[in-house]
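Reader: I'd like to learn how to read charged side chains in a model. Could you walk me through a case?

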Amino acid sequence: LRNGDILLLYTDGVNEAEDTNGFEFGIEPIKEGLKKYADHTAEGIISSIYEEVSKHTGAGEQTDDITLIAIKKGA
């Protein structure tokens, strides 16, 4: 990894998290979230993406594990 690079690992429970209508969160929101929160710490990236997944699922039942790991190389 070079300075400023971010490695994000996640389980399929993240992209497959469903809202109350059965629509999955998807991969694109993960990519967009990574771009949007790239200036955050690794912990901040995880928290922010997890928050977006939670907003997406709303009152929906969690049916799979949601695991996020972020590694950010410092400058």
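Author: Gladly! Let's start with lysine 55, which counts as exposed at 62% relative accessibility (buried is under 20% relative accessible area, exposed over 50%, partly exposed in between, with a 1.4 Å probe and protein chains only). This is a predicted model, where local features need pLDDT of at least 70, side-chain atom pairs count only at pLDDT 80 or more, and totals for chains, interfaces and linings use all residues. Residues are numbered from 1 along each chain as its sequence is written, and side-chain values use heavy atoms, leaving out hydrogens and water.

Reader: Which residue forms a salt bridge with lysine 55?

Author: Side chains of opposite charge can pair when their charged atoms come close. Here the partner is glutamate 51, with the closest N and O atoms 3.5 Å apart; the rule asks for a side-chain nitrogen of Lys or Arg within 4 Å of a carboxyl oxygen of Asp or Glu. Glutamate 51 is partly exposed, at 44%.

Reader: How are lysine 55 and glutamate 51 separated in helix H3?

Author: By about one helical turn, because they are four residues apart in that helix (helices are DSSP runs of H or I with at least four residues, numbered from the N terminus).

Reader: How many salt bridges does the count come to?

Author: Four. Among them is glutamate 28 with lysine 31, at 3.3 Å from N to O; these two are three residues apart in helix H2, so about one helical turn separates them. Another joins lysine 35 and glutamate 32 at 3.8 Å.
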